[in-house]
Structure formats: structure tokens, C-alpha cells
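Biologist: I am new to this structure and would like to learn how to read its salt bridges. Could we go through them step by step?

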Amino acid sequence: MQTNSDEVLIGRIAKGDRLAMQVLYGRHHVQVYRFVLRMVRNETTAEDLISDVFLDVWRQAGKFEGRAAVSTWLLSIARFKALSALRRKPEEELDEDAVGAIEDHADDPEVALAKKDKGAALRTCLSKLSVEHREIVDLVYYHEKSVEEVAKIVGIPEATVKTRMFYARKKLSELLKEQGIDRGWP
Amino acid sequence: MMTADERGEIEELLPWHAAGTLDRREAQRVEAALAEDAELARRYQLVREELVHTTHLNETLGAPSVRALEALFAKIDAEPQRRPGTAPGIAMRIGEFFASLSPRALAWSACAAALAILLQAAVIGSILIKEKAPGSYETASVPTSPGTEGTDVLMRFQPQATVSDINRFLETNKLSIARGPSAGGIYRVHVSGAKLSKDEATRVLNTLQQNRIVGFVAITH
């Protein structure tokens, strides 16, 4: 139902309806923000990017053909913007989270605590995945996108979507193993 | 009992099964595999854990401040005034046109369209009858009906079968596609240059049916 009414909103946005833009923004901005934030790891950048994403929607609404769900279209735009921002970002701007993603085998207090709590360890390791692996895990588990939709967002064949997800999960298990948690797979 | 390939395929689908984004047919396939394979079921539990914690992680990310919305509308205000001619895509325009018609107008339009199609069919039919009249000729090189030599079957492949799967299957079994796909994804597949007996044809049919990429197969009569 929401998918259909999203398309109606896009039709109204194409005609310059600001209220429709506000409704669409209200409906999707949190999901888009979280998707972008997980990629760029910087709240200010993520906020700047979502206003750019929705500005593209305002500009491109007339070209939307409805071949994919509006949420899938939004995430495709968001992904493109996030990757462009990552390419522009100089190394010195790496924030603490990003630095945390660089592999460190030392058993720091965070790791020690994580060992006690498997859930926390899993979440720590999810944050340590590469951008490529993080985005696919988020799209499948959190944004509930089908194989076909992920293929459209990421721009890869459906078979690659499945194998990339498999390798992302495999990497996750390896990171957990480094923290002393053996899941018995792979 | 699943083959290693089938098991691998099912295992790759587990994340989408946990997220509930598989179609019903695939979901049933995964469910059946999970019921018969305890190790696969254990791995499915790992997938479910991942889903729970990915959701947890994302839900703790918070939401953007109102600054993002303000920035968006400031940018929209700075945009050039939208021209009246700027309109939605063609598919959306067609959809909007039909949606704007009243049910009565829509019914009359449908009747008019059906009448136009009937008239067109009548004109084409009369031309064809005229051409078939005695004294007219047909090209000898192009058969107007399917070939009657050899043995063909009607076949539909599983939706998840890839082009390379189908090519491999045709090559291995020395088959060729004679025609198709027609409605419902049915192909006419040439299985032998000779007219096979009923027993031989049934044997071939049973062999083909066992392949995992074949969804449906039947002998043509």
C-alpha cells in the first residue's frame, strides 16, 4: 500500500508539490540516513547527503518510471552519493569509527567486554566489515531488500548479490573468531 | 537428499529467508531443506542472530536533525521555477490518464477498443482467405506448420535456472530448442531426429524430468 502511495507522491513531486516532498521525506528520511551513515560513518556528512538525495528526488521525479519501489530508488541514489563522498574524503578526516574498523588484533577492553556478550561482539564485528560488505548486510537484513532489489541498488548481477552476501557473512564469522567466538561456520 | 550444489544454493538464500523477502516458492524450498538438514538449520540460526543484531545496530543510529530538512527545502527554494510542461514519466502519465476516467467512460473506451480489434481481425482474415484462393501460390521453402519429423517435447525451465544452466543442459542431453518461449515460458525442444516409439519417448521424458532445472516436460502429439 505504501509502495503505491509512494509512487503517487512522486507523481505529485514531479508537478512541484512541496507538501508531497515533505511527506515522502518524513516517510523515508530515517532509513536513508541510517543507510548513508553506516557507509560514511559521520553524522554531519550523512545529514548533508540525505538532503542531497531528496533534492535529486525533487529534480528527477518526472523521470521516475516506477520500475522499482521508491525506497529502492532512494537507496540507489543514497548509495551513489555516499560512495562519491567517501571518494572525496581526505584520509585525515577519518573519524574514530572508521579508525576502529582498521583491523587490530590486540585484546583491548572493548574486545574483552565483547567476548562476554556475544550480541555486542556481533554488533562490533558488523561495524568492522568493509563498506561493500556492510552495505549488503544492511540492505538484506535491515532494509529488507530482495535479491533483485539489492542487485538494482548496488548495480551488480543477482548471482553476485548472493555470493557477496555469503562472503560478507563469512568475513563476519572470521572477525568473531578473532574475538574468541567460534560459531562453527564456515 | 540434496546434492552439494542444491545445499549451497539454499544456504545462499538463508539471509533472504530470514528477512522474509523470498517469493513463496523459494521460501517453501528453503523450509523443506531446513526440515531435512540439521546442519543447515543450525546455520540458519546464525543468520537469524545476524539479522537481529544488524537491526539492533541500525536502530541505535538515531535520526537526522531538523537541519537536514531545512537544508533540503532551502535548496528546493533555490531551484529554478518548475516549468508547467515538466511532467511525470510516460508510464505514470498513462496510469494517471486511465485513473482519471470514470468507470462508465472506461467501459465505453474498452468496448470501442474491442470493436476496433474485431474490425482489424475481419480485414486481416478476409485478406488471408483471398490469398489462399485457388490459383495463389505458397513459398516451398518456409513450412507453415511445425515440422512433423523427429520427436519434440514441450518444456518449461525452473525460474531460477540461468542461461548457462539451460545451455549446459541442452548440450549435455543433445537437445535443441525448436521454438519458444510461448506463453507461460514453454519451449518446444527437439529431442531426436527420429520418430521415437512411445516407450522410448517416455524413457527420454523421465530422464529429462529428473534434472533440477526442468520445471515441466511433456511429449508433443
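Modeller: A salt bridge is a side-chain nitrogen of Lys or Arg within 4 Å of a carboxyl oxygen of Asp or Glu. This is a predicted model, in which local features need pLDDT of at least 70 and side-chain atom pairs count only at pLDDT 80 or more, whereas totals for chains, interfaces and linings use all residues. Side-chain values use heavy atoms, with hydrogens and water left out, residues are numbered from 1 along each chain as its sequence is written, and chains are lettered from A in the order in which they are written.

Biologist: How many salt bridges does a search of the whole structure find over all chains?

Modeller: The search finds 25 of them. In one, the side chains of Arg27(A) and Asp6(A) meet at 2.6 Å, N to O, and this pair links helix α2 (residues 18-40) with helix α1 (residues 2-14) of chain A, 21 residues apart. Helices (H or I, at least four residues) and strands (E, at least two) are DSSP runs, numbered from the N terminus.

Biologist: Is Asp6(A) buried or exposed?

Modeller: Buried means under 20% relative accessible area, exposed over 50%, and partly exposed in between (1.4 Å probe, protein chains only). Asp6(A) counts as buried because its relative accessibility is 3%, while Arg27(A), at 30%, is partly exposed.

Biologist: Which residue forms a salt bridge with Asp77(B)?

Modeller: Arg18(A) does, with the closest N and O atoms 2.4 Å apart, and this pair crosses between chains, from helix α4 (residues 66-78) of chain B to helix α2 of chain A.
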